[in-house]
Amino acid sequence: MRWRQAAVALLMMTVAAPARAQGDGPGLRPHHLTVSSGVTWSAAYDIGDATAALRGNGTGATPPSFTLFKADSQMNASWAPDFRVAVALTSTIAVEAGAMLSYPHVGMSISNDAEAKAHVLPGEALRQFQVDGALTWQLPLHGPRTAPYAVAGAGYLRQLHEDRMLGESGQVYFAGAGLRYWLRGDAASRSIGLRAEARVNRRRPGIDFADANRTFPS
């Protein structure tokens, strides 16, 4: 019987602990504004490849082509200042708008070159703007100062070439998860905290030599 009583007591503690943490844990203030700023890192992703080929000198009507070189292009990783404003609808749900400005490079690697070794070209520098909107939902499992949340949203992407005479537009759809850590927060004062977030992004159109949709983390 003792082990049964101990098991029941442990089960009650396990069930009661999340409820107590949920009641005492940090939460957003409904109808209050949240302002945040920081930096965002976006990983590199491919934007297409091409093969330069010449007509071969073999016999026949359609001789095999001769590969001169192959070029693989990618959008290099970049950092961007990130500014966000959010309005809490409830203690767990908020809508936010954000803006980012970055200067990624379009890199290009040359391989299978018949006249030289494989090498990497620096490419051109772009100016990239992103304005997006998102919905965040604070998960019910959190501690006294920490609160994990889920985020999903979409944004408008504008990419300008190095001379700024040509631009491409696109959309970015994203989903991810994050963690808020409150340094200070109570009913009588302003709350101050830190925030970390990881996203999976799906970019449509924009600068792409294959006109394909691309997925990358940030």
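Colleague: What pattern does the protein chain follow along the sequence?

Modeller: Read that way, it goes α-β-β-β-β-β-β-β-β-β-β-β-β, with 1 helix and 12 strands. Helices (H or I, at least four residues) and strands (E, at least two) are DSSP runs, numbered from the N terminus. Keep in mind that this is a predicted model, where local features need pLDDT of at least 70, side-chain atom pairs count only at pLDDT 80 or more, and totals for chains, interfaces and linings use all residues. Residues are numbered from 1 along each chain as its sequence is written, and side-chain values use heavy atoms, with hydrogens and water left out.

Colleague: Why is Asp 132 called buried?

Modeller: Buried means under 20% relative accessible area, exposed over 50%, partly exposed in between (1.4 Å probe, protein chains only). Asp 132 has 4% relative accessibility, so it counts as buried. Asp 132 sits in strand β8, residues 127–138.

Colleague: What does Asp 132 touch?

Modeller: Contact means heavy atoms within 4.5 Å. Leaving out residues up to four places away in sequence, the partners of Asp 132 include Arg 84, Glu 96, Phe 174 and Arg 199.

Colleague: And which residues make up the largest nonpolar core?

Modeller: Tyr 45, Ile 47, Met 75, Val 106, Leu 126, Ile 207 and Phe 216, 7 residues in all. A nonpolar core is a set of buried Ala, Val, Leu, Ile, Met, Phe, Trp, Tyr and Cys residues joined through side-chain atoms within 4.5 Å. Another core, of 6 residues, lies apart from that one, with Ala 134 and Tyr 149 among them.
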